[in-house]
Amino acid sequence: MKNSLGREIPETIKGYYKEVKPFTGAYDNMADIIKTQVRAKSIMPDEKKVLDNLEEVIKKSGLKDGMTISFHHHLRNGDYVVNMVMNQIASMGIKDIKIAASSIFPIHSPLIDHMKSGVVTGLYTSYMSGPVADAISEGILENPIIMHTHGGRSRAIESGDIKIDVAFIASSTCDSYGNINGVYGKSACGVLGYAISDAYYAEKVVAITDNLVSYPVCPIEISQDYVDYIVVVDKIGDPEGIVSGTTRITKDPIGLKIATLAAKVIEASGLLKDGFSFQTGAGGISLAVAASIREIMKDKNIKGSFMSGGITGYMVDMLEEGLFDSILDVQCFDLRAIESLKNNKSHQPMTATMYGNPHNKGAVVNNLDLMILGATEIDTDFNVNVTTGSNGIIMGGSGGHSDTAAGSKLAIVVSQLFKGRLPVIVDKVTTVSTPGETVDVLVTERGIAVNPKRQDLIAKLEKSKIKVMSIEKLKKIAEGITGKPMEIETDERIVAAVEYRDGTIIDIVKKIKR
Amino acid sequence: MVINKPARAGTLESSDIYIMVQPNQGQGIEIQLDSIVLKQFGKQIQNVMRQTLKDLEIEDIKIIANDRGALDYTIRARLETAINRAN
Amino acid sequence: MNRLRRTILFMPGNNPNMIQNAGVLGADSIILDLEDSVSIEEKDAARDLVHNALKHVDFYGCEIVVRINSPSSPFGIKDIQVITKAKPDAFMIPMATEEDMEEICKLVGKIERKEGILENTIKLIPIAETAYSIENIADIISASNRTIAVLLGAEDLTADLEVTRTKEGQEILYARSRIAHICKTYKIDAIDTPFADVDDFEGLRKDTIRGKGLGMTGKAAINPRQIEIINQVFTPTIDEIEYAQNVIKAMEEAKGKGKGVFSYQGKMVDAPIIDRAETILEKAKTAGVI
């Protein structure tokens, strides 16, 4: 069958974890739901939570063949915890484990061996890059992996779609009774926003820390009443990989040109006034857009309400300059962000569910005026692919892309018109990550295209003398420069099911052909 | 034109192509192409090279190329330079 | 004045990525450079690349100038022989002398005829970058009827003069003034020397204003990030445009009443003021701001 975007979705997908529901529309499935129940076992006053080693923790947690375990990705490419836990599980002879990790990075390449040996047989994630993503694309697992959005992952956990048996929570700082924060310790990573649903909804919760402190720790982000066991290890991560030193605005003239054009669109939209809120990724062009917004706000003396999402030092600067009242932070990208979270009361942490879950009583994305997004590909229906490269290999994932596009009043995709000869605009994206109905504008260095369903915006831009063209015309310009790329061939086997934030299937990824 | 000696042109920077040419006496045209867009543009790159060779009346040549997303004009220019250097 | 030359942007001639994106950066003219930005070993490669780029890359209406190597070097003449066929808008000649200009003019003419290109299509821009060329700039300009502008090259000039190059630019006051005056005499553009510190945007703005104040009509940029400021300085401001429009309006009203002399805002308006107003409006129109 075809979903509402015309993507072919099989009636049944072998090994998919629930009934196949095709995507029908971005706001079609805002259900009235009952959240799942979770078993909790009392801990007696004389019981100790701190255990001797990982082996003892895994034994006591009752982990068995076929179970699901979870991890958060706040340690990013510096994470030691996934590999540490999986090696222990493998050495104990446990098999057929499903991993629900909010993201997978190159550092997690040892997972490939665990997949080969049958220790790991399933994966749920919101973003993946590096060798594991390559291996999945080549069909290393028998059953497809499931890719969520950040908000969709929380939804899946809270609804019971994913039942986590044991959550392993990398904890930068933890006290002896299981109160956790991410802001202190040698492996500080900042907010733990993506770990919260896991802590609340897993049957057993294990804190893995390299900074055990006396009770009670301050501040507390994940509290003791959710944590079963604590284990101390040498290092939970490599600080070099956890946070980047500084995030820099692009110096590439094309990137800057795109940012300047995007800023003009934002100004013309009328959203840039007192109370303005926005979110942007940490990419070079996105940050350059932030820089342009910063200049306009200073010039016109505009005071914004909040910035949200993954936070960089650049956003912190804007907060400290008084351009915005506050930051709602789901993950810290650099040391400046961690310091600010620690010291500035206007810089608040948020959970992934508060950030983007469509099935709660209103997520932060619903309050966003503006979202600046990237794209690997965008098609003439404005559907965006950030999941696979044009060669069909998985190299990313929605993360918060679909959540913010759906929630914000204005979602702008910024991209070069072509990158390394590949035009960003295509007839049909290789994989749909975010539906076109939630994407408003594409800004490239050679032209701006507005989604035809936003006639109001087109009128505003034309009033401001900003040249708008159809996305078909822009595509033609790109192909005039690069030539038309040949379509890639894929195998029939499905290696990933891509879920929209509401849990319906928006697309599937097929095995690549060598 | 005839390829007398090995020569090279271009760089491995983004949007460029690094081309080595070698004599291939009596063996015709032989192209070894590696590209970051091989699946999408491999055929097109080969076509541009063959057209360039035709324009320069070259019948025997071995080309080893590493493409970093170069557009047609760059592929043509780099091949011309390499061939001129091989003369 | 049918073409603006506010900003002319230098782009290295052997870099495909920069060449193919040059047309979208907002410069009025682009200089594809075969000289200083290309190493001796890559002169042939840059020449082939620029030749092919001129034939196939869309520069969205920007004026395309190719800076050749010095005609006295082993590369300069070959540059012209190859590139002329691809019809650039102009060649830029480093260290140009009267003889260079004459010789190049003849050579370009010969190739134009051979290739069936309309005679005098390809223009010339000499760089004045020696004390000699500053002093003899009038002869250098008039050595060819293809000359459309002069670029002041302050780095080489100050080296020739053995004076220190400063941000304030006191040492090039004479050269700027002289070039501005002589170019005006010949009704061609006077392009100011580039500002070397690509991270100092306030300095760039001051330096551009200084050159403009002496009569320079445009400025070279060595980094795309310099374009916006240079364009701003050389584009009439909203106040200037409004003033000019009002002067013209007052003039037309006076004409209607049969008055030859009239005043605007209490000041007598005479021919030079009207000329100036018309020039501002024409510039603004060409720049697309009115």
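Visitor: What makes strand E14 and E15 of chain A a pair?
Guide: Strand E14 (residues 324-332) of chain A and E15(A) are joined in the parallel sense over three bridges. Two strands pair if DSSP finds at least two bridges between them, so the three bridges of E14(A) and E15(A) meet the criterion. Within E15(A), His347(A) stands opposite Ile327(A). This is a predicted model, in which local features need pLDDT of at least 70, side-chain atom pairs count only at pLDDT 80 or more, and totals for chains, interfaces and linings use all residues. Residues are numbered from 1 along each chain, chains are lettered from A and ligands numbered from 1, all as written.

Visitor: Why are strand E15 and strand E24 of chain A called edge strands?
Guide: Strand E15 (347-349) and strand E24 (447-450) of chain A each pair on one side only. They end an open sheet of eight strands, ordered E15-E14-E13-E12-E16-E19-E23-E24 (chain A), whose pairing is mixed. From one strand to the next, the twist averages 20°.

Visitor: Which helix of chain A packs on the sheet and touches strand E23 and E24?
Guide: Helix H15 (residues 471-482) of chain A touches strand E23 (441-444) and E24 of chain A, and its direction makes about 145° with that of E24(A). Angles run from 0 to 180 degrees between N-to-C directions.

Visitor: What makes helix H9 of chain C a helix by definition?
Guide: Helix H9 (residues 201-213) of chain C has 13 residues, whereas a helix is a DSSP run (H or I) of at least four, and a strand (E) of at least two. From first C-alpha to last, H9(C) reaches 18 Å, close to the 18 Å expected at 1.5 Å a residue; the expected span is 1.5 Å times one less than the number of residues.

Visitor: Which residues of H9(C) are buried?
Guide: Leu204(C), Asp207(C), Thr208(C) and Gly211(C) are buried (20 or more other C-beta atoms within 10 Å; exposed, 12 or fewer). These residues lie on the same side of H9(C), because they cover an arc of only 100° around the axis. The face of H9(C) turned away carries the exposed residues Glu202(C) and Gly213(C). Just after H9(C), Gly215(C) has a positive phi of about 110°.

Visitor: How many residues of chain B and chain C take part in their contact?
Guide: Chain B gives 15 residues and chain C eleven; residues are in contact if their C-beta atoms lie within 7 Å. Helix H2 (residues 72-85) of chain B supplies the largest share of the side of chain B, eight residues.

Conventions:
Contact = placed C-beta atoms within 7 Å. Arc of directions from axis to C-beta.
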